[in-house]
Amino acid sequence: MLDRKEIFDIAKKYYKEKGESRLSKAYEYVDSYIIYSESSKNRIGVSAIRINKKDGSISLFSLPSKENFEILKKSTEIKL
């Protein structure tokens with residue numbers, strides 16, 4: 001199980017490799033964290049990354065999506 005610092009380090013590295021700016025929002029879900037970059041909010045069809053707490057694997061987290069809206073509703077926003 002990865003701790004919060006390790007998760008944020010993974011997110012920062014991911015976004016840096018993509019030429020993105022700093023992190024803007026983060027949410028904790030049961031098995032993962034959902035993390036947005038600063039540039040995510042300037043796009044149509046907002047997307048973030050979802051990082052698995054156990055192994056650090058990354059998947060895209062896109063809205064609008066009924067399933068992802070439900071996940072976001074059940075998540076808790078956390079301070080960066």
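Biologist: What should I know before reading the values?
Modeller: The model is predicted, so local features need pLDDT of at least 70 and side-chain atom pairs count only at pLDDT 80 or more, while totals for chains, interfaces and linings use all residues. Residues are numbered from 1 along each chain as its sequence is written, and side-chain values use heavy atoms, with hydrogens and water left out.

Biologist: In what order do the strands form the sheet?
Modeller: The order is β4-β3-β2-β1-β5, in an open sheet with antiparallel pairing. Strands are DSSP runs of E with at least two residues, and helices are runs of H or I with at least four, numbered from the N terminus. Two strands pair if DSSP finds at least two bridges between them.

Biologist: Which strands stand at the edges?
Modeller: Those are β4 (58–62) and β5 (76–78); each has a single partner strand, so one side of each is left without a neighbour in the sheet.

Biologist: How many bridges join β3 to β4?
Modeller: Five bridges join them, and Ile49 has Leu60 in β4 as its bridge partner. The hairpin of β3 and β4 has five residues between the strands, and Gly56 there takes a positive phi near 75°.

Biologist: Which strands does helix α2 lie across?
Modeller: Helix α2 (residues 66–73) lies across β1, β2, β3 and β4, and runs at about 100° to β4. Axes are lines fitted to C-alpha atoms, for helices over the stretch in contact (heavy atoms within 4.5 Å). Angles run from 0 to 180 degrees between N-to-C directions.

Biologist: Changing topic, where is Ser21 found?
Modeller: Ser21 is in the loop between α1 (4–17) and β1. Leaving aside neighbours within four places in sequence, Ser21 is in contact with Tyr15, Ser37, Glu38 and Ser39. Ser21 and Ser39 are 18 residues apart in sequence, with their C-alpha atoms 6.3 Å apart in space.

Biologist: And how many salt bridges are there?
Modeller: The count is six, where a salt bridge is a side-chain nitrogen of Lys or Arg within 4 Å of a carboxyl oxygen of Asp or Glu. One of them joins Asp31 and Arg50, with the closest N and O atoms 3.2 Å apart. This pair links distant parts of the chain: Asp31 lies in the loop between β1 and β2, and Arg50 in strand β3, 19 residues apart.

Biologist: Is Arg50 buried or exposed?
Modeller: Arg50 counts as buried at 17% relative accessibility, whereas Asp31 is partly exposed at 37%. Buried means under 20% relative accessible area, exposed over 50%, and partly exposed in between (1.4 Å probe, protein chains only).
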